[in-house]
Structures are given as C-alpha cells and as structure tokens.
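This report goes through the fold of one protein chain, element by element. Please look at the sequence and the structure first.

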Amino acid sequence: MILATGPTGSGKTTSLYTILDILNTPDVNISTIEDPIEYQMKRINQTQVKPEIGFTFTSGLRTLVRQDPDIIMVGEIRDNETASLAINASLTGHVVLSTLHTNSAAGAVPRFIDMKVEPFLLASTLSLIVAQRLIRRICAHCKVSEAATVASIVLKFPKLAPFLTGTDLVVYRGKGCQKCNNSGYKGQMGIFEFIEKPTLKNDL
C-alpha cells in the first residue's frame, strides 16, 4: 500500500497519477475509483463515484476487487469501511494507492487507528507514506542573491537552527519582473517527506 498525504491542493492526486503512469504497462491490470476523474489515462479502467445512486468509494472498491486488478487506486480513504477494504485488498496481493488527509507522513498511522484499523495490519500492508506540499518557485528571470547571517535566519525561522552551520549564508529572492507579473515567483515545486516500510515496522 502506498499513501500520499497532505492538505487539499498539495498535489497528492498528481503524484499518484505519476506513479500510475510509471506502472502502466500492457501486462498490468490497473483500476481506479475516483471523485472526480482528473486525468484520462490509456489502458487504465477509471471509475467515477456517484453517491446519489449509492456508488461510493466503499461500494466501488468492493466491486473492483472482484475484478482481480493488479493495481488499485482509491481516490481517498475517508472512513472505516473504505480503509478496511483497502487494507484487505493489499493483504490479498493487490498494490493499493490512495490519499489520506493528514498533516504529516507519520500522521497516517494514527489516522488509520482512529478509523479502527488494527496496527498489526498496517505493519503488514503499508509500504510507503509520502507527505507533500507545494511551494512557490523563485522566478529565474529576476532571481538575485543576498548575503545573510545564520543569526538573522534563525531569528525569522527558529526551527531551522539545527540545520544551519557557519556564519554567513547566501539567500535568494525574486525582485519582480514582467515574466512573473512582479511577484518574484513563477511556478511551483513539491517538497516531500517519506516513511518507508522498515521504519513503519519499528514504529508499530
């Protein structure tokens, strides 16, 4: 089981689609249950949930498992029943990808326990948890460097203190130009936190 965690708009679904694109070969059967289907992908059986007719993540996942896919993507794990079905699908040999709303990678474990999933099942099934955020990228066209001291950085960002050494640093900022609409930023990039299976086993 591979989980992407983070708040709404942090790029979790895009990360899962990227993983699916890598795994999407002619000899692999991939099925998804999503709300909504954000990208159309060739060779993948994509299904849109429709709660008004009773077709939810839970009922959709139950149906997908019967079709014996190799890889299943569940758009989001929201409740105990969906969590239990996803765990059981993983235990029976399926690769399961999904998203979970937590603030950190480590927060996924207590979130599952809150949904009444037994810890020993998590130790058996969770292979990778990725927490992610999107941050603004400094505009490459108006990027300038400035000298800064460690003390001045720590004063603004105290949590960085353990990671800073030396006395002088070089920091960068965007001055603002036509390319970035005078904001100093253009585009976004992801930052990621990973917990892999050996660590999960030790923690549980």
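Helices (H or I, at least four residues) and strands (E, at least two) are DSSP runs, numbered from the N terminus. The model is a predicted one.

Seven strands make up an open sheet of mixed pairing, in the order 3-2-4-5-1-6-9. Strand 3 and strand 9 (185–196) are its edges, each pairing on one side only. On average, neighbouring strands are turned by 20° against each other, direction ignored.

Strands of a sheet pair through backbone hydrogen bonds, either parallel or antiparallel. Strand 4 takes part in two parallel pairings described here: four bridges link it with strand 2, and four bridges join it to strand 5. Towards strand 5, Ile-71 stands opposite Val-95.

## Side chains of strand 4

In a regular strand the side chains alternate between the two faces of the sheet. In strand 4, Ile-71 and Met-73 point one way, and Ile-72 and Val-74 point the other way. Are these four residues buried or exposed? All of them are buried.

## Helix 1

Helix 1 (residues 12–23) has 12 residues, which at 1.5 Å a residue should span 16 Å. The C-alpha atoms at its ends are 17 Å apart, in agreement with that value.

Which residues of helix 1 are buried? They are Lys-12, Leu-16, Tyr-17 and Leu-20. Because these residues cover an arc of only 130° around the axis, they lie on the same side of helix 1. An α-helix has 3.6 residues a turn, so residues three or four places apart point the same way. The face of helix 1 turned away from the buried side carries Asp-21 and Ile-22, both exposed.

## Helix 3

Helix 3 (residues 80–91) also has a length that can be checked: its 12 residues reach 16 Å from the first C-alpha to the last, close to the 16 Å expected at 1.5 Å a residue. After the helix comes Gly-93, whose phi is positive, near 100°.

The buried residues of helix 3 are Thr-82, Ala-83, Leu-85, Ala-86, Ile-87, Ala-89 and Ser-90. What do they pack against? Their partners are helix 2 (57–66), strand 4, strand 5, helix 4 (108–114) and helix 5 (119–125).

## Backbone features in loops

The peptide bond between Asp-35 and Pro-36 is cis, with omega about -5°. Pro-36 belongs to the loop between strand 2 and strand 3.

Two residues other than glycine have a positive phi: Asp-68, near 55°, and Asn-181, near 60°. Asp-68 is in the loop between helix 2 and strand 4. Its relative accessible area is 55%, so Asp-68 counts as exposed, the cut-off being over 50%. Asn-181 is placed in the loop between strand 8 (168–174) and strand 9. With a relative accessible area of 67%, Asn-181 is exposed as well.

Cys-177 is found in the loop between strand 8 and strand 9. Why is Cys-177 called buried? The reason is its relative accessible area of 15%, because buried means under 20%.

Not counting residues up to four places away in sequence, Cys-177 touches Cys-139, His-141, Cys-142 and Asn-182. Leu-164 is 13 residues from Cys-177 in sequence, and the two are 31 Å apart in space, C-alpha to C-alpha.

Key. Residues numbered from 1 in each chain as written. Predicted model: local features only at pLDDT ≥ 70, side-chain atom pairs only at ≥ 80, totals over all residues. Heavy atoms only, no water. Expected span 1.5 Å × (residues − 1). Buried < 20%, exposed > 50% of the residue type's maximum accessible area, 1.4 Å probe, protein only. Arc of directions from axis to C-beta. Pairing = 2+ DSSP bridges. Axes fitted to C-alpha atoms, helices over the stretch in contact; angles between N-to-C directions. Contact = heavy atoms within 4.5 Å.
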